[in-house]
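Please keep the sequence and the 3D view at hand while reading.

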Amino acid sequence: MTADTLTDVFEEHRSFLLGVAYRMLGRVADAEDVVQDAWLRWAAADRGDVREPRAYLVRVVTRLALDRLARIKARNEAYVGPWLPEPYVTDFGDTVQDTAERAVLADSVSLAVLVVLESLSPLERAVFVLREAFGYPHADVAAVLDRSESAVRQLAGRARRHVDERRPRYDVDPVQRRELTERFLAAATEGDLEGLLDLLAPDARLVGDSGGKSKAPLRVLESADHVGRFLVGVSRKGVPDMSVRVIELNGGPAVLLLSGGKPDSVLQLDVADGRVQTVYAVRNPDKLRALTA
C-alpha cells in the first residue's frame with residue numbers, strides 16, 4: 001500500500017472506530033487518543049497478513065481501549081460528585097439507513113446505558129459494545145478478544161442481564177423526545193415551576209456532573225419538586241450572555257447552553273410515558289471542550 005492508500009483505508013473506518021472506542025471509554029478525548037494510537041499501529045504494521053482492514057482495526061482499537069479502561073476507572077473513583085459520560089455528537093445522517101439499526105446505535109450511546117456500562121468489567125463492556133451495539137457474531141468477538149466462543153457467550157449473557165436490570169426505562173421516539181425537550185427548555189428558562197412539574201415524573205431525578213469544577217449538585221436530586229425548584233433557582237440566577245441550541249448528542253436531542261458563545265452546560269432528558277424521568281446536566285468544562293466548534 002502507498003501512504004495515500006494507507007490513509008484512505010484508515011479514514012474510511014475512522015468514525016466507526018471512534019464509535020467503538022467511545023462506547024468502551026465514555027470520553028471523547030480518550031476515544032480519540034485510542035484511535036490515533038490505532039493509526040500509528042496501522043501505519044507501522046506488516047499488512048501482508050491483513051485480509052480485512054476493518055476487522056484488524058477493530059481488534060486493535062478494542063485492545064487499546066481495554067488497556068486504557070483500568071486507568072479511567074481509577075480516575076473516576078476519585079471524581080467529585082456524580083459522574084456522567086462526556087457528551088458525544090451523534091449524527092448518523094445517511095450512514096445508517098435502517099431505522100432499527102439506527103435505534104440500536106442511538107440506544108447504545110445513550111447516557112443512561114453508558115452509565116450502566118461503567119459498572120461492567122472491562123471484558124464484559126467490550127463484549128457488550130461489539131455484540132449489542134454493532135451486532136458482531138460471538139465468534140468474531142471471540143477472535144477480537146482472543147477468548148473462546150463459549151467464554152464470550154457467557155460474558156455476553158452476564159453483561160446483557162446486568163444492563164437490563166440496571167438501565168432506566170425510557171422511550172426512544174425522537175419526535176416525542178424533541179418536543180418534550182423544547183417544552184422543558186421553555187419552562188426552565190422562564191423559571192416556570194408549574195410548567196416544569198407538569199413535565200416531570202413524580203419520581204424524576206437530576207444527575208449533575210461538574211467534576212468539582214463548576215456549580216452543580218454534588219448528589220443526585222430526587223423527586224419532581226426538588227428537581228423543579230432547583231431548575232427555577234438556576235434560571236433566576238441566569239447565565240451571562242446566554243444562548244441556547246438544541247442539538248443531537250448521544251443519540252437524542254439535547255440542550256446546549258452557551259455563555260458568551262462558549263459551552264456552559266449540556267442538558268439531556270430521559271423520557272418515559274410522556275414525562276421526564278431523568279435530567280442529565282453536564283457542567284464539567286473538560287467534558288464540553290469537544291462542543292466548542
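## Overall form

With 293 residues, a compact globule would have a radius of gyration near 19 Å, and the protein agrees with this because its own value is 20 Å. The radius is taken over C-alpha atoms, and the globule rule is 2.2 Å times the number of residues to the power 0.38. Along the principal axes, the C-alpha trace spans about 65 × 40 × 40 Å.

The model is predicted, so local features need pLDDT of at least 70 and side-chain atom pairs count only at pLDDT 80 or more, while totals for chains, interfaces and linings use all residues. Residues are numbered from 1 along each chain as its sequence is written, and side-chain values use heavy atoms, with hydrogens and water left out.

## Secondary structure and surface

The protein contains 11 helices and 6 strands. These elements are DSSP runs numbered from the N terminus: helices are H or I with at least four residues, and strands are E with at least two.

Buried residues account for 48% of the 293 residues. Buried means under 20% relative accessible area, exposed means over 50%, and partly exposed lies in between (1.4 Å probe, protein chains only). The accessible surface comes to about 14,400 Å², and carbon and sulfur atoms hold 50% of that surface; these areas come from the Shrake-Rupley method with a 1.4 Å probe, and for residues only the protein chains shown count as cover.

Among contacts (heavy atoms within 4.5 Å) between residues at least 6 apart in sequence, 65% join residues at least 24 apart.

## A threonine in helix α3

Where is Thr 62 found? Thr 62 belongs to helix α3, which covers residues 53-77. Thr 62 counts as buried because its relative accessible area is 1%. The side chain of Thr 62 reaches the backbone oxygen of Val 58 at 2.7 Å.

Leaving out residues up to four places away in sequence, Thr 62 touches Val 20, Met 24, Ala 126, Leu 130, Val 144 and Leu 145.

Val 266 lies in strand β5 (residues 262-272) and is buried, because its relative accessible area is 3%. Apart from residues up to four places away in sequence, Val 266 touches several residues, including Pro 87, Leu 249, Tyr 280 and Leu 291. Leu 57 is 209 residues from Val 266 along the chain, and their C-alpha atoms are separated by 32 Å.

Thr 278 is placed in strand β6 (residues 275-282). Is Thr 278 buried or exposed? Thr 278 is buried, because its relative accessible area is 3%. With residues up to four places away in sequence not counted, Thr 278 touches Arg 205, Val 207, Gln 268, Leu 269 and Asp 270.

Phe 230 sits in helix α11 (residues 224-237) and is partly exposed, because its relative accessible area is 30%. Beyond its neighbours within four places in sequence, Phe 230 is in contact with Leu 206, Pro 217 and Leu 221.

Asp 241 is in the loop between α11 and β3, and its phi is near 50°, a positive value in a residue other than glycine. Most residues other than glycine have a negative phi. Asp 241 counts as exposed because its relative accessibility is 61%. Asp 273, in the loop between β5 and β6, also is not a glycine and has a positive phi of about 55°. Asp 273 counts as exposed because its relative accessibility is 58%.

Key: A polar contact is a pair of N or O atoms within 3.5 Å; within protein, one must be able to donate a hydrogen and the other to accept it, and residues adjacent in sequence count only if both atoms are side-chain atoms.
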